[in-house]
Amino acid sequence: MIDLSNSRILGKKKKKKTTTTYHFTRLSPTLMAPQLLSSRTFKSLFDSVDTFLFDCDGVIWKGETLIDGVSQTLDLIRSKGKNVVFVTNNSVKSRRQYAEKFRSLGLSSVTQDEIFSSSFAAAMYLKVNNFPKDKKVYVIGGEGVLEELQIAGFTGLGGPEDGEKKAQWKSNCLFEHDKSVGAVVVGLDPNINYYKLQYGTLCVRENPGCLFIATNRDAVGHMTDLQEWPGAGCMVAAMCGSTEREPIVVGKPSTFMMDFLLQKFGTDSSRMCMVGDRLDTDILFGQNAGCKTLLVLTGVTSESDLLEKGNKIEPDYYTRTVSDITKLMDSPSK
């Protein structure tokens with residue numbers, strides 16, 4: 001079982017038979033004020049990191065529009081021998097579909113193995129916890145979750161297929177649901193409706209031992225380039241209300257995906273830097289896992305949000321946009 005608490009990785013790996021286990025302990029809030037990235041602070045950060053973890057929405061792109069300078073920055077980071085990984089809470093697409101999106105935006109060097117999405121995390125959570133193959137998974141979400149479930153060997157129901165279905169309030173009419181559903185996965189769903197909420201609610205409340213899994217709880221996201229839209233958090237909140245249960249969250253800021261990253265790159269989390277646009281997911285994820293953190297201001301969080309007196313989540317560094325890395329790389333240290 002992988003610990004999903006807000007935590008950080010400490011010490012060496014402990015071996016038990018053939019299973020690698022990482023131990024986590026809760027991280028205290030950042031004590032130092034975030035530093036504006038400069039040529040001096042950037043050199044210190046860059047030299048201390050082997051792997052850069054990038055969020056996607058609001059960092060790499062907005063909707064279907066690539067943010068200026070991203071392609072050149074990623075190429076430059078790779079040319080310096082650093083690893084580049086993409087960790088996204090958006091569950092609408094699978095890793096394969098995200099790789100296609102990267103290619104469509106001109107980022108053809110990005111491979112599927114470098115992409116870690118919350119849709120993948122949901123499937124992996126079931127797999128590492130030995131979810132029975134004879135049980136089904138009901139999905140309130142997109143094709144991405146269904147595809148990752150299929151790849152992992154599970155049977156998924158719902159998703160976009162239930163987008164046009166309607167729940168009927170009629171006397172003596174019983175809403176039927178599949179009693180073999182053992183988990184309900186809730187993610188971003190632009191076609192959420194009352195039918196899906198009723199189906200998911202019945203599975204969680206009436207099927208013995210049924211898991212309630214959330215890909216993430218993001219309040220909003222940059223689904224288009226011009227504005228923010230409601231995120232998966234509002235779909236998850238609806239299910240929390242009807243089931244009176246809290247979900248298992250597998251996306252950021254949960255450290256669940258970090259276990260896979262550490263195994264893949266064989267490096268300590270302290271040699272990683274999480275780059276994101278959200279304080280409560282990206283930056284908190286990095287802090288929980290023991291990474292260095294860099295906030296960019298091209299997405300959800302503004303500079304005024306960051307510097308607001310009541311803000312309790314502070315990154316190590318912040319900068320205007322990802323492409324500032326390219327500019328600072330060429331600047332002399334001061």
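Guide: Let us begin with Cys203, which counts as buried because its relative accessibility is 0%, and buried means under 20%. Please keep in mind that this is a predicted model.

Visitor: How do you know that the sulfur of Cys203 is too far from the closest cysteine sulfur for a bond?

Guide: The closest cysteine sulfur belongs to Cys210 and lies 5.6 Å from the sulfur of Cys203, while a disulfide needs two cysteine sulfur atoms within 2.5 Å, so this pair is too far apart for a bond. A search of the whole structure finds zero disulfides.

Visitor: What makes Cys56 count as buried?

Guide: Its relative accessibility is 1%, and the cut-off for buried is under 20%, so Cys56 counts as buried.

Visitor: Why is Thr51 called buried?

Guide: Thr51, whose place is in strand S6, has a relative accessible area of 0%, and since buried means under 20%, the word applies to Thr51. Not counting residues up to four places away in sequence, Thr51 touches several residues, among them Val85, Phe265, Arg271 and Cys273.

Visitor: What makes the link between the side chains of Thr51 and Asn83 a polar contact?

Guide: The two side chains are joined at 3.1 Å, and a polar contact is a pair of N or O atoms within 3.5 Å, one able to donate a hydrogen and the other to accept it, so the link between Thr51 and Asn83 is given that name.

Visitor: How do you know that S6 and S9 pair?

Guide: Strands pair if there are at least two bridges between them, and S6 and S9 have four, in the parallel sense, so they pass that test. One of the facing pairs is Leu53 with Val85, its bridge partner in S9. Strand S9 is also joined to strand S10 (residues 115-117) by three bridges, again running parallel, and there Thr88 stands opposite Ser117.

Visitor: Which strands are the edge strands of the open sheet?

Guide: The sheet has seven strands in the order S5-S20-S19-S18-S6-S9-S10, with parallel pairing. Its edge strands are S5 (35-36) and S10, each of which pairs on one side only. For S5 the partner is strand S20 (residues 317-319), over two bridges in the parallel sense, with Gln35 opposite Tyr317.

Visitor: Why is S9 described as largely enclosed by the rest of the structure?

Guide: Five of the six residues of S9 are buried, so the strand is largely enclosed by the rest of the structure. Among the buried residues of H9 are Leu279, Ile283 and Phe285.

Visitor: How do you know that the buried residues of H2 line one face of the helix?

Guide: In helix H2 (residues 70-79), the buried residues are Val70, Thr73, Leu74, Leu76 and Ile77. Seen down the axis of H2, they fall within an arc of 160 degrees, so they line one face. An α-helix has 3.6 residues a turn, so residues three or four places apart point the same way. On the other side of H2, Gln72 and Ser79 are exposed. The cover over the buried residues of H2 includes helix H1 (39-47), strand S6 (51-54) and strand S9 (83-88).

Notes: Residues are numbered from 1 along each chain as its sequence is written. This is a predicted model: local features need pLDDT of at least 70, side-chain atom pairs count only at pLDDT 80 or more; totals for chains, interfaces and linings use all residues. Side-chain values use heavy atoms; hydrogens and water are left out. Buried means under 20% relative accessible area, exposed over 50%, partly exposed in between (1.4 Å probe, protein chains only). The arc is that of the directions from the helix axis to the C-beta atoms. Contact means heavy atoms within 4.5 Å.
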